[in-house]
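The model comes next, followed by the terms used to describe it.

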Amino acid sequence: MRIYSRILGTGSYLPARRLSNADLATELAQQGVETSDDWIVDRTGIRARHFADDAQGCSDLATEAARHALSAACLTAQDIDLIIVATSTPDMVFPSTACLLQGKLGVKGGAAFDVQAVCSGFIYALTVADAMIQAGSASKALVIGAEVFSRILDFRDRTTCVLFGDGAGAVVLEASDTPGILARDRKS
């Protein structure tokens, strides 16, 4: 019998500090960068973004999103046997953000690792978790995309600094005998 993976729950988290385009334009003007709400909306459609405070790390955002996803899935952290975090802005190089998250959730076993593929990171993490579930290496996985891009942006470059903010999204996957995550079958 073929094993599939299905999404049981989703969760997200945004830091409290919300910057509208007008707020950001005011902050950028202090650095000599001119922009406006109209300029940003016309080019991106973005109206606001959230920034983490100095005390929040990527693993903190990931933890909140993970808790929301676990709650939506009606599971506890102890039910999870695989954690994958997609991030380009980890708290530190070692240990991985996934291992930090594992500790914050109190998970005592299972694999935990990060993937770094920038914008496509969450899709890579989801694909790896799906493959590990299909292979029987895991039965319930937590996949998180989390970033604290505000720490690495060049706020002198209005073509990029207006695009990014901080936040996290998470899904809980479970092994299933019915299709859930749909991907191209390599045999067809």
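## Basis and strand E4

A residue is called buried at under 20% relative accessible area, exposed at over 50%, and partly exposed in between, with a 1.4 Å probe and protein chains only. Helices (H or I, at least four residues) and strands (E, at least two) are DSSP runs, numbered from the N terminus. The model is predicted: local features need pLDDT of at least 70, side-chain atom pairs count only at pLDDT 80 or more, and totals for chains, interfaces and linings use all residues. Residues are numbered from 1 along each chain as its sequence is written, and side-chain values use heavy atoms, with hydrogens and water left out.

Strand E4 (82–86) has five of its five residues buried, so the rest of the structure largely encloses it. Leu82, Ile84 and Ala86 are buried on one side of E4, and Ile83 and Val85 are buried on the other. E4 pairs with strand E5 (residues 111–115) in the parallel sense over five bridges; two strands count as paired if DSSP finds at least two bridges between them. Val85 has Asp114 of E5 as its bridge partner.

## Nonpolar cores

A nonpolar core is a set of buried Ala, Val, Leu, Ile, Met, Phe, Trp, Tyr and Cys residues joined through side-chain atoms within 4.5 Å. The largest one has 27 residues, and Ile83, Leu101, Leu105, Leu142, Ile144 and Val172 have the most contacts inside it. Two or more residues each come from helix H3 (58–72), E4, helix H4 (97–105), strand E6 (140–148) and strand E7 (166–176). H3 gives the largest share, seven residues.

Leu101 is in contact (heavy atoms within 4.5 Å) with Ala62, Thr63, Ala66, Ile83, Val85, Leu142 and Ile144, leaving aside neighbours within four places in sequence. A second, separate core of 14 residues includes Leu82, Ile84, Val115 and Ala141.

Helix H2 (residues 37–44) has Trp39, Ile40 and Val41 buried. The buried residues of H2 pack against helix H1 (21–29), strand E3 (48–51) and helix H6 (158–161). Gly45 follows H2 and has a positive phi, near 80 degrees.

Thr35 is placed in the loop between H1 and H2 and counts as buried, at 15% relative accessibility. Not counting residues up to four places away in sequence, Thr35 touches Ala25, Leu28, Ile40 and Arg158.

## Second largest pocket

On a 1 Å grid over the protein atoms alone, a pocket is an open set of points with protein on both sides within 12 Å along at least five of seven lines, and lining residues have an atom within 4 Å of a point. The second largest pocket holds about 230 Å³ of space. It is lined by 13 residues, of which Val118, Cys119, Gly145, Glu147 and Phe149 are the closest to its centre. Helix H5 (121–134) and E6 give two or more residues to this lining, and the largest share, three residues, is from E6.

## Backbone details

Val118, in the loop between E5 and H5, has a positive phi near 50 degrees, although it is a residue other than glycine. Val118 is partly exposed, with a relative accessible area of 45%. Cys74 is not a glycine either, and its phi is positive at about 60 degrees. Cys74 is found in the loop between H3 and E4 and is exposed, with a relative accessible area of 70%.

The peptide bond from Phe94 to Pro95 is cis, with omega near 0 degrees. Pro95 is found in the loop between E4 and H4.

Definitions and conventions: On a 1 Å grid over the protein atoms alone, a cavity is a set of points where a 1.4 Å probe fits but cannot get out, and a pocket is an open set with protein on both sides within 12 Å along at least five of seven lines; lining residues have an atom within 4 Å of a point. Grid points are joined across faces, edges and corners, and a volume is the space filled by probe spheres set on the points.
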